[in-house]
Amino acid sequence: MSKFYITNAIPYVNAKPHIGHALEFIQSDVIARFHRLLGDKTILLCGGDENAIKNVQAAEKAEQPIQEFIDENTQLFSEVAKNLHVQFDVFQKGSDEKHHLASQKLWKLCDKNSDIYKKSYTGFYCVGCEQFYEKEELDKAGECFEHPGRKLDEVSEENYFFKLSHYTDQIIKLIESDELKIVPIVRKNEALAFLKRGLKDISISRSNERAKNWGVSVPGDETQKMYVWFDALNIYQSGVGFGFDENQYNAWWPADIHVIGKGILRFHAIYWIAFLLSAKLALPKSIFVHEYITVNGQKMSKTLGNVIDPNELISTYGAEALRYFMLAKLSPFSDGDFSESKLKETYNSDLANGLGNLIARIAKLCEKVALNIQPISQPLDEAVVTKLNEYKFNEALNIVWDKISRLDKHINEKKPWTLEGDDLNTFLQEASTDIISIASNLQPFLPETAEKILTQFSGSIKSAPSLFPRIQ
RNA sequence: ACCAGGGUAGCUCAAUGGUGGAGCACAGCAUUCAUAACGCUGCGGUUGUGGGUCCGAUCCCCACCCCUGGUACCA
């Protein structure tokens, strides 16, 4: 039995979770459940990126102590996952003391390899935003968009830099050879294009003042905090014991796959790899990059007010329906559009009329003749396994729904309600076996539904309340 | 601006150098084992625009338009 360590990206917790987070949670969960079914010893990690300055600013706005604010928001992410039937085995908070120690250990290892040095950083500070900007981020007058008319201060300070440039060629080789496999290929090419332009060293610390005294302290320098990405990525390691439980760490690290959104590819495919190379630690094996969700054709944004709370959808349609929609109706490799009307349409056509109705009609027929079924477990279909290995969740589900459709047609052809005796029994035996196969294949995607069906079709089969009652 | 990917039925997406396919939605028929469900039939497209190559292009080439992503310290 081999181990499988999968990580979800670590969400910023300066706001509530939205359906974009839900998509990633669900995808990670499916991959984890898939590997469990294959017999791998599997854990799925998520966590909270709690050390960003944005969190401090958001807490100030909410007039709440920072730690309290962080804890509450992180809790919301945890709850959404639970509501979505997503099972995180580890939830590592960035503000956790152990994580701080782990990150300081990573820093020291990079430092030991002479990859960290001091250098002056210059940026433009906006007093209104309490934030630094690059020249490119400012308007024509050299002022920030939030506070036109206010002059920015050009400020320099000493920071620690990481010798990212040192690792350019090494990382190119890792990615080109698929030793670090990036899926899909467009994202692999994007990372390579970035690398081939040459890497510059990056600043990996901020003054306490700039960091508002929040975050992980730089070892040996109490005046500086680590740049968030340096510690945030390390949650993948601290979550499995790096720096404080070597047995656990050795059992799980390296990650077999990091699941991330396209916006943070560079940090994972390049920065993270460089940090690990510098620290002489094992490297993750692959990165799966998903795309984003638009809502009614528009990007989600607070200003547009179209941010959707997954909990509201779950309360109307159920977690399993939301999972189904995200997995079956969105392409894993391109942006997908969400709208409640599409969710509802999918719910009624595929889940109520399709799967739910099929289960109901067969169960009723079985109940009439008191059919008894030996519980048998069936493995995933080869075709489904193939699709899942390629992260083609939508195509995998198409295969299952094709089976549903074929069984519906088969019932109409054979008209079992006109059969009697052995003919009827044989028919129902076969149909029930098909149902069990369908449910087995649904396990990674719709775990609760699969479980319900498998329970219903084991032993004496009875009618049960609709799995997915139609919604008007 | 440059680089990458994409523009095909109302919607989501397949496909191929040789008379454009599926699912959903919609309409009709049939039917009851089932959740006004299932099944069958039908409606529906000068395949972004303009050129070119070819006997023939949606698929190849050129130009243009539009969308998405990337182009460093910003999910």
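Predicted model: local features only at pLDDT ≥ 70, side-chain atom pairs only at ≥ 80, totals over all residues.
**Stop 1: RNA strand B**

Select RNA strand B and show the protein around it. It is surrounded by 51 residues. To find the closest ones, pick Asn353, Gly356, Asn357, Arg361 and Asp408. Now colour the elements that give two or more residues to this surface: α6 (185–196), β8 (202–203), β16 (336–338), α13 (340–368) and α15 (393–414). Which element gives the most? Helix α13 does, with 11 residues. Then colour the surface near RNA strand B by class: 19 residues are nonpolar, 17 are polar and 15 are charged.

**Stop 2: helix α16**

Next, select residues 421–442, which form helix α16. This helix has 22 residues. From its first C-alpha to its last it reaches 32 Å, close to the 32 Å expected at 1.5 Å a residue. Within α16, show the side chains of the buried residues, among them Leu428, Ala431, Ile435 and Leu442. What covers the buried residues of α16? The cover includes α13 and α15, both of which also give residues to the surface near RNA strand B. Also included are β17 (372–373), α14 (382–389) and α17 (447–456).

**Stop 3**

Finally, select β9 (205–207), β10 (217–218) and β11 (221–226). They make an open sheet in the order β9-β11-β10, with antiparallel pairing. Because β9 and β10 each have a single partner strand, they stand at the edges, and one side of each is left without a neighbour in the sheet. Zoom in on β9 and β11, which are joined by 3 bridges. At one of these, Ser205 has Met226 in β11 as its bridge partner.

How values were computed:
Residues numbered from 1 in each chain as written. Chains lettered and ligands numbered in written order. Near = placed C-beta within 6 Å. Helix = DSSP H or I, 4+ residues; strand = E, 2+ residues; numbered from the N terminus. Nonpolar A, V, L, I, M, F, W, Y, C, P; charged D, E, K, R; others polar. Expected span 1.5 Å × (residues − 1). Buried ≥ 20, exposed ≤ 12 C-beta atoms within 10 Å, placed from the backbone. Contact = placed C-beta atoms within 7 Å. Pairing = 2+ DSSP bridges.
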